[in-house]
Amino acid sequence: MASGSIFRLVSPAKITRSSVLHQFVEDKKKKKSWSKSKREWSCVPVYSNGYTVSSSFVASPWRSSEEIVSEVVLKQASLVQEQRKKGVGEEEAAAPMSRNLLDEAYERCGEVCAEYAKTFYLGTLLMTPERRRAVWAIYVWCRRTDELVDGPNASQITPIALHRWEKRLDDLYEGRPYDMYDAALSDTVLRFPIDIQPFRDMIEGMRLDLKKSRYKTFDELYLYCYYVAGTVGLMSVPVMGISPDSKASTESVYNSSLALGIANQLTNILRDVGEDAQRGRIYLPLDELALAGLSERDIFQGKVTDKWRTFMKGQIKRARLFFDEAEKGIAELNSASRWPVLASLLLYRQILDAIEANDYNNFTKRAYVGKAKKLVSLPVAYARSLSGPPKIAGMARI
Ligand SMILES: CC(C)=CCC/C(C)=C/CC/C(C)=C/CC/C(C)=C/[C@@H]1[C@@H](COP(=O)(O)OP(=O)(O)O)[C@]1(C)CC/C=C(\C)CC/C=C(\C)CCC=C(C)C
Ligand SMILES: [Mn+2]
């Protein structure tokens, strides 16, 4: 992907519901006991002594990825609750930069967004100007972070470069932006209650990508998906805003936003199995592959067999459950934010349908959602986004 423009200024040195995957859980129960989280999202094995054997041979209390992530969710949700109570508004903050320059910085973010994600950009035009440009600034930061490991200079990216990128993040959070795009985000995080942790975690995801190319369990994969995509949900909700009519708990809305990121990333992974295998990567839970009678070799050989189809059906089912979880939260968002989010959900979810339509050949055939289907989704999303939060709490209070 051409990334020259957004990197010009960068320093070169750079849940499941209980029904999820029922067949996997049933099979695995024979070997392990499975933790059932409060939100029943977990599809995570717990060894009977509550400990895992870590590669460093140090026994530590076992925490599932979901538990680790839910701490970040709680922290982010409480920041927003505080802001809601205090009634701190978007208009309050003043960034240490002239208004004209700042406007220009945001404009540039909008241009990047329009170039890389046209439909999403159009959706943001429905939002208030403050929200719209804040979402652009977040989008650009995420895109640049991803480009560090996936862009044209990826081969030169080392952990040191990622460390520098994280240092830049700290600086922009402290009001010392390095370039125009950073300046826009620096202003955004002053205006909206967005914790730094999801940003740090996305960088952590990129770090993981540099050193890891296999995922033994879904728990490991879940953490990766949280890092690179669930974080986007946590960054976005404080900007998109929760509807004043929402009766749902802030935490439950955050959980839905997290679910959307996870669902998107799982979908990405399922679409790109063949491409990733060509790069020597397998973003699939190896234990589940083994249970389906498949090995790494089968992935590299890329043959669509009945075993593969059955395995894929389970993976698709799981991704859809995350989409369902996400969908429930959308009605709780501010009215102007619902449409772009729902449109993106509907568009992404159709990639799963496309994998099915390709008879599960995600080795050599790219699952693709045609223009016509995309166009139909937009008014459908719009019509559905008109209905707001249910009159009584529609989402579980935790
Ligand atoms: C209550 C509720 C449901 C709220 C919604 C919250 C919300 C807006 C969630 C957004 C979820 C979302 C769009 C997540 C992005 C997931 C994603 C695809 C991440 C990709 C990572 C790396 O993948 P990979 O390298 O395997 O794949 P590529 O080949 O590179 O595609 C990312 C590329 C990370 C970088 C993410 C972005 C550039 C997207 C950032 C998007 C936003 C800030 C705006 C999100 C808003 C909307 C309306 C979609
Ligand atoms: Mn990428």
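**The loop stop**

Select Asp 359, which sits in the loop between helix H16 (335–357) and helix H17 (371–385). Helices here are DSSP runs of H or I, at least four residues, numbered from the N terminus. This is a predicted model, in which local features need pLDDT of at least 70, side-chain atom pairs count only at pLDDT 80 or more, and totals for chains, interfaces and linings use all residues. Residues are numbered from 1 along each chain as its sequence is written, with chains lettered from A and ligands numbered from 1 in the order in which they are written.

Check the backbone of Asp 359: phi is positive, about 55°, although the residue is not a glycine. Most residues other than glycine have a negative phi. Asp 359 counts as exposed because it has 11 C-beta neighbours inside 10 Å (exposed means 12 or fewer other C-beta atoms within 10 Å, buried means 20 or more, partly exposed is in between; C-beta atoms are placed from the backbone).

Now select Tyr 360, in the loop between H16 and H17. Its phi is also positive, about 65°, and it is not a glycine. Is Tyr 360 buried or exposed? Tyr 360 is buried, because 23 other C-beta atoms lie within 10 Å.

**The core stop**

Next, select Cys 109, Ala 137, Ile 138 and Ile 262. These have the most contacts inside the largest nonpolar core, which has 97 residues. Such a core is a set of buried Ala, Val, Leu, Ile, Met, Phe, Trp, Tyr and Cys residues joined through C-beta atoms within 7 Å. Colour helix H10 (residues 218–240): it gives the most to this core, 16 residues. Domain 1 (64–88 + 198–398) and domain 2 (93–192) both contribute residues, so the core lies between them. The domain bounds come from an automatic or database domain assignment.

Note on methods
Helices (H or I, at least four residues) and strands (E, at least two) are DSSP runs, numbered from the N terminus.
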